[in-house]
Amino acid sequence: MTAQTALAEPRIRRGPVRPTERALAPDLARGAMLLFIALANSAGYFLASAPGVETDPHGFERFYNFFMVEFIHARAFPLFAIMFGYGLVQLARRQAQAGATPGQVRRVLLRRNGWLFLFGIAHGVLLYSGDFLGAYGLIGVVFTLLLLQRTDKVYRFAPWYLAVGGLYVLVLAAMLATGFQTGGAAIPVSPFPSVEAPSYLASIAERLAEWPVHTLTLLPMILMVWVGAWAGRRRFLEEPERHLPLLRWTAVGGLTVAVAAGMPMALLSGGFINADEGTAASMKLLYETSGFFGGIGYAAIFGLLAHVLTRKPAGTLVTAVSALGQRSLSGYLFQSVAWLVLATPFLLGLDDRVGSPLLVSQVSALAVWVLTVWAAYLAHRRGYRGPAETLLRRLTYGRKR
């Protein structure tokens, strides 16, 4: 190889983030919100529907349906979209600070997101068609090519998405209020046939049809990723002490919008009100649309929490949850393995062996999350990365870092 050839070849200036470079808020947010992801996805798996709510609730199930719609369903995943955009900016910044050219930075991100898309295909087909990794990979590729390295003028448009989204929520709420019709409509959910398949091969066949459709519906999340990248450029979660007033307003405002707009769907899911099919569909649209505000509210809360926690030595619980956040890809994939084993009829099929599938799904979710927190803490103590993170980094950077 000649010297000119060596110089012409793109070289990755450095590997992934080092432990000393990590900020508490992003890791704590990812680790803690994996509990919400577990609650949502396990309910979807055990109840074979999205959102995972009991369609004929009784007793405590009525109140739990209400809680899940208000605070979990369509409120947890937007946080991860925001954090994904935030992480893209962090990764690009580290590469640039290490001396990488814009072209080299772009190639690293394209390689990483391309592999993430392939991870999503494997996850969505083999384990869970409600996968988000494939959509993140596609969004990451598009975002890297079109938006990531643009100027601040381009990024100033990102916050306006919040204003437009808020106005849209208000319009939907007004239309719902003026057109409300009572009736006997069922709780609007989308079925997951793959969960009820009689064999693993049959479930794969179902997921081959479900996963592409689900992934396409997630591509508009690029707007959420854009907002996350805008926040990352301003280091809102890495330097929360500089943005405390904004974080407080965002936490209160975001959750207020999400809770208020989700209220009709929550009341319907709990059986506290009745509506006709058109009204029920409008309620679902309003609750789904407002979910992004819940995501930014949760992100702001973790920024504020990190500001408080960094003033004193981190306790074991904070360290353990943050360790899971550093290994969130492994934790997320392990959850899907757990739901496949626990819920499907061709394996343990616990949903058919208990009186309340909703209850057993949530107990399972809590147990699986605690197990992953414990495993992540042990890995942290021993200096091990998560297996999925290790594989993705090796594929991205080409050698062990």
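A: Gladly! Let's begin with S194, which sits in the loop between β2 (190-191) and α9 (200-218). This is a predicted model, where local features need pLDDT of at least 70, side-chain atom pairs count only at pLDDT 80 or more, and totals for chains, interfaces and linings use all residues. Residues are numbered from 1 along each chain as its sequence is written, and side-chain values use heavy atoms, with hydrogens and water left out.

Q: Why is S194 called buried?
A: Buried means under 20% relative accessible area, exposed over 50%, and partly exposed in between (1.4 Å probe, protein chains only). S194 has a relative accessible area of 3%, so the residue counts as buried.

Q: Which residues does S194 touch, not counting residues up to four places away in sequence?
A: They are S129, S203, E206, R207 and E210. Contact here means heavy atoms within 4.5 Å.

Q: What makes G228 count as buried?
A: The relative accessibility of G228 is 0%, and therefore G228 is buried. G228 belongs to helix α10 (residues 222-233). Helices (H or I, at least four residues) and strands (E, at least two) are DSSP runs, numbered from the N terminus.

Q: Which residues is G228 in contact with, leaving aside its neighbours within four places in sequence?
A: G228 meets I82, G85 and Y86. Although G228 and Y86 are 142 residues apart along the chain, their C-alpha atoms are separated by 4.7 Å.

Q: Is S361 buried or exposed, and how do you know?
A: S361 has a relative accessible area of 0%, so S361 is buried. This serine is found in helix α16 (residues 357-382), and S42, A43 and F46 are the residues that S361 touches beyond four places in sequence.

Q: What makes the pair S361 and Q362 a polar contact?
A: A polar contact is a pair of N or O atoms within 3.5 Å; within protein, one must be able to donate a hydrogen and the other to accept it, and residues adjacent in sequence count only if both atoms are side-chain atoms. The contact joins the side chain of S361 to the side chain of Q362 at 3.0 Å.

Q: How do you know that the radius of gyration agrees with a compact globule?
A: The radius of gyration is taken over C-alpha atoms, and the globule rule is 2.2 Å times the number of residues to the power 0.38. For 401 residues a compact globule would have a value near 21 Å, and the chain has 21 Å, so the two agree.

Q: How many helices and strands does the chain have?
A: There are 17 helices and 2 strands, and 53% of the 401 residues count as buried.
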